[in-house]
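Me: I would like to learn how to read the packing of helices and strands in a model such as this one. Could we go through it feature by feature, with the general idea ahead of each case?

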Amino acid sequence: MIYADNAATTAMSKKAIHAMLPYLDEVYGNPSSLYAFGQKAKEALEAARGRIAACLGCEAREITFTSGGSESDNQAIMTAAALGEKKGRKHIISTAFEHHAVLHTLEKLKKRGFEITLLPVHENGIVTAKQVAEAIREDTCLVTVMYANNEIGTIQPVSEIGAVCREKGVLFHSDAVQAAGHLPVNVNEQKIDMLSLSAHKFHGPKGIGVLYAKRGILLESIISGGAQERGKRAGTENLAAIVGMAAALEEACAEIDNNAKRLTALRDRLIAGLNKIPYSELNGDAGKRLPGNVNFCFEGIEGESLLLLLDDKGICASSGSACTSGSLDPSHVLLAIGRPHEVAHGSLRLTLGENTTEDEVDYMIQAVTEVVTYLRNMSPFWRDLSTGRRPHVFAE
Ligand SMILES: *Cc1c(COP(=O)(O)O)cnc(C)c1O
């Protein structure tokens, strides 16, 4: 089997698994308990917090543990909304191609009277700091722009956006779930006020994440209960997962340059191979994208059939986001960069990981080329295109 869906989730690192084992087994105390056995768990919890803070360039007390990227995004946005509401500032700026954890939270706020500006995304999959600057108003309480897109992998100019927001006194949140462990993150240098990350996207366990919030930002609890996480996130801590996440993040950050170099070479080899398929086009900027992300549209192809046939050839791939697969709507990300509906349906995302080999890349090029040719030969839509009854979208 070839696993090429690392944007959906990643294999756990052996170091992370080993780091977790004692906390699944003998060290099972509750960090909130006062006896020494509980305090041993508490020490491990705080050590993990410190190690994660060091990876992000912040202080330990600025780290809150959550159940993952979705919860962190929800809590960051609800916090900014609560703070904004107190000051009568009810305008939020985001982008049209955010993850649904952001977009659906913003829709909820819209029903509560917030005004939401979703910035359009350029054809290359990037939003500029200038767009953000022009959209900021007196009543803007939050700018939330993702660090790297989960479908097309494009990297956003978060440092520039952070500088604009800091200058105008507006909170800046970034969903860095795809970036953390893969691209450099330093929340102070990048002027990021709140940042979300999720362990299972960088070889850590599932169901655990972090919300970084700059000192002085009073987080709004979205789960009520006990006083864990300084009263900002109730519920007994998932200590084993937290320890595993710290180990995975440290490992990923130590290897960021090496992994990026190796993955970029594999990515570009795959892109060059798939570019040879006629009437196909890469989605998103060719250079400003995650080292492991490849996302193509093929004219005359229906994405679901492509995935099933690739599965038969042992390749785990995706048509876009794991969250939208199963729905028949084309990806909101591909529509946001201006792909027409009929082309957006024929998309394929292959996301490489630290375990991907050059032989696997070559096999993927061969398999995708074969499957696309096979499906096109069967498709009446393709016949219309090749006989000129419908116009082509892409050049050959
Ligand atoms: C995966 C992902 C999320 C959701 O993270 P979970 O930990 O699965 O809840 C949010 N944003 C982006 C960009 C993602 O890729």
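Me: What is the handedness of the crossing of α1 and α7?

Reply: A crossing is called left-handed if the near helix is turned anticlockwise from the far one by less than a right angle, and right-handed if clockwise; the crossing of α1 and α7 is right-handed. Helices (H or I, at least four residues) and strands (E, at least two) are DSSP runs numbered from the N terminus. This is a predicted model, in which local features need pLDDT of at least 70 and side-chain atom pairs count only at pLDDT 80 or more, whereas totals for chains, interfaces and linings use all residues. Residues are numbered from 1 along each chain as its sequence is written, and side-chain values use heavy atoms, with hydrogens and water left out.

Me: At what angle do helix α1 and helix α7 pack, and how far apart are their axes?

Reply: Two packed helices are described by the angle between their axes and the distance between the axes. The axes are lines fitted to C-alpha atoms, for helices over the stretch in contact, and angles run from 0 to 180 degrees between N-to-C directions. Here α1 (residues 14–24) and α7 (residues 239–254) pack at about 160°, their axes being 8 Å apart. That makes α1 roughly antiparallel to α7, given that angles under 35 degrees count as roughly parallel, over 145 as roughly antiparallel, 65 to 115 as roughly perpendicular and the rest as oblique. The contact (heavy atoms within 4.5 Å) involves residues of α1 including Ala16, Met20 and Tyr23, and residues of α7 including Val243, Gly244 and Ala247. By class, the residues of this contact are 11 nonpolar, one polar and two charged, where Ala, Val, Leu, Ile, Met, Phe, Trp, Tyr, Cys and Pro count as nonpolar, Asp, Glu, Lys and Arg as charged, and the others, Gly among them, as polar.

Me: How do α3 and α4 pack?

Reply: Helix α3 (residues 69–86) and α4 pack at an angle of about 35°, with 9 Å between their axes, and their crossing is right-handed. Among the residues that meet are Ile77 and Met78 in α3 and Val102 and Leu106 in α4; the contact has seven nonpolar, three polar and two charged residues.

Me: In what order do the seven strands of the open sheet stand?

Reply: Strands of a sheet pair through backbone hydrogen bonds, either parallel or antiparallel, and two strands are taken to pair if DSSP finds at least two bridges between them. The seven strands have the order β2-β8-β7-β6-β5-β3-β4, with mixed pairing. Strands β2 (63–66) and β4 stand at the edges, each with a single partner strand, so one side of each lacks a neighbour in the sheet. The twist from one strand to the next averages 20°.

Me: How many bridges join β3 to β4?

Reply: Five bridges join β3 (residues 91–95) to β4 (residues 115–119), and the two strands run parallel; Ile93 has Thr117 in β4 as its bridge partner. From β3 the chain passes through helix α4 (residues 100–111) to β4, a right-handed β-α-β crossover, meaning that, with the strands pointing away from the viewer, the path from the first strand over the helix to the second runs clockwise.

Me: What is the order of the open sheet of three strands?

Reply: The order is β9-β10-β12, with antiparallel pairing. Five bridges join β10 (residues 293–298) to β12, where Asn293 stands opposite Thr351. Helix α8 (residues 256–275) packs on this sheet, touching β9, β10 and β12, and its direction makes about 10° with that of β10.
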